[in-house]
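I am opening a notebook on this structure. I will write down what I looked up, entry by entry.

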Amino acid sequence: MAVREIREFNRFYTNLIGALDYSRHLHTPFTLTEARVLYELAHAPRTDAADLRLELSLDAGYLSRMLGRFEEQRLVTRGPSAEDARRQRIELTEEGRKAAGLLEERSQEAVATLVDRMAPEDRQRLAEAMRTVREILRDSARTPAEGRVTLRGPRPGDLGWVVERNAAVYAEEFGWNEGYETLVARIVADFAETRDPACEAVWIAELDGRRAGCVFCVRDDAPATARLRLLLVDPSARGHGIGRRLVDECVAFARSAQYRDMVLWTNDVLGHARSIYQRAGFRLVREQPHHSFGKDLVGQDWHLAL
């Protein structure tokens with residue numbers, strides 16, 4: 001029964017969005033796979049060919065021929081990776097960025113046209129159903145050795161855990177003092193006291209039933225803007241893609257809540273988190289040195305248009 005239902009849904013959805021005739025549907029010269037490659041390059045500008053092949057599950061020869069065509073069209077440049085000369089670095093040219101931007105714009109317009117026909121309550125139901133589908137399929141794709149990761153809403157004791165783990169992890173890994181714990185406690189308390197469930201949320205990640213991470217989506221002071229806060233993956237649970245799943249869930253919620261933009265503030269020492277934000281489509285818009293939590297740091301403001 002499940003196999004038949006999934007296949008029927010796939011046929012219905014691909015017909016609905018025109019995925020089998022992608023170039024005609026969005027009036028572009030690119031196939032769906034070519035568009036996915038351009039999207040990945042636009043959101044991870046230092047991607048190697050091997051990274052692309054693994055991320056998109058593409059045949060190496062097929063990807064090489066595609067990149068060759070892109071190079072002829074002056075959409076990409078190829079060269080040895082700065083980290084490993086045996087790997088091939090792929091970067092978009094200015095023309096490539098324009099092409100990727102046009103694809104993103106038309107894709108957004110196509111989906112917006114579909115969503116605009118729905119009643120507001122149906123949009124919320126659809127977003128929740130799609131998050132459920134994504135979560136179930138991701139969990140089922142993991143092998144037992146990888147551990148079972150689930151995301152859920154908060155339960156009694158979770159907010160206290162968020163404060164404790166943030167304070168402990170950042171003290172141990174970066175030497176931050178009690179000033180950071182004070183900041184986290186204030187953020188969590190404000191969330192608990194003023195949260196609007198329609199447009200603010202927190203997710204707790206669990207690995208094999210144990211708390212392993214968290215992230216918050218809250219209203220920013222700027223109109224129609226969400227703020228991502230307090231992304232954390234416990235050191236004992238790293239390597240399972242938890243950070244990326246938390247950010248993806250947070251961004252998906254912000255979109256379903258009708259925010260137009262999402263912002264976040266972080267520090268340049270948090271390199272792994274920064275790579276997650278970059279892959280999710282966030283752009284660095286400002287950097288500023290500051291002294292906080294007992295350390296000299298460089299604060300970073302990131303932005304994502306939803």
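This is a predicted model: local features need pLDDT of at least 70, side-chain atom pairs count only at pLDDT 80 or more; totals for chains, interfaces and linings use all residues.

Entry 1: I began with Leu 126. Its relative accessibility is 34%, so Leu 126 counts as partly exposed. I found Leu 126 in helix H7. I then looked up where the patch comes from. Helix H1 (2-17) and helix H7 (120-141) each supply at least two of its residues. H1 gives the most, with three residues.

**Entry 2: cysteines.** I searched for disulfides and the count came to zero. Cys 217 is in no disulfide, and its nearest cysteine sulfur belongs to Cys 250, 4.3 Å away. A disulfide needs the two sulfur atoms within 2.5 Å. I also checked burial. Cys 217 counts as buried because its relative accessibility is 0%. Cys 250 is buried too, with a relative accessible area of 0%.

**Entry 3: strand E7.** Here I looked at residues 261-267, which make up strand E7. Five of the seven are buried, so E7 is largely enclosed by the rest of the structure. Which strands pair with E7? Strand E6 (residues 225-233) runs parallel to E7, joined by three bridges. Within this pairing, Arg 227 stands opposite Val 263. Strand E9 (residues 295-305) runs antiparallel to E7, joined by seven bridges. There, Thr 266 has Gln 300 in E9 as its bridge partner. I also traced a β-α-β unit made by E6, helix H10 (residues 242-256) and E7. The unit is right-handed.

**Entry 4: a buried glutamate.** I stopped at Glu 200, in the loop between helix H9 (178-194) and strand E4 (201-207). Is Glu 200 buried or exposed? Glu 200 is buried, since its relative accessible area is 6%. I also took a distance to Leu 228, which is 28 residues from Glu 200 along the chain. Their C-alpha atoms are separated by 10.0 Å.

**Entry 5: salt bridges.** Side chains of opposite charge can pair when their charged atoms come close. I searched the whole structure and found 18 salt bridges. I looked up several.

- Glu 95 and Lys 98 meet in a salt bridge at 3.7 Å, N to O. Both lie in helix H6 (residues 94-116), three residues apart, about one turn of the helix. Glu 95 is partly exposed, at 43% relative accessibility.
- Arg 165 and Glu 164 meet at 3.5 Å, N to O, in another salt bridge. Glu 164 has a relative accessible area of 39%, so this residue is partly exposed.
- Arg 286 and Asp 301 form a salt bridge at 3.0 Å, N to O. This pair links distant parts of the chain, 15 residues apart: Arg 286 is in strand E8 (residues 283-292) and Asp 301 in strand E9. Arg 286 counts as partly exposed, at 45% relative accessibility. Asp 301, at 17%, counts as buried.

Terms used. Residues are numbered from 1 along each chain as its sequence is written. Side-chain values use heavy atoms; hydrogens and water are left out. Helices (H or I, at least four residues) and strands (E, at least two) are DSSP runs, numbered from the N terminus. Buried means under 20% relative accessible area, exposed over 50%, partly exposed in between (1.4 Å probe, protein chains only). Two strands pair if DSSP finds at least two bridges between them. A crossover is right-handed if, with the strands pointing away from the viewer, the path from the first strand over the helix to the second runs clockwise. A salt bridge is a side-chain nitrogen of Lys or Arg within 4 Å of a carboxyl oxygen of Asp or Glu.
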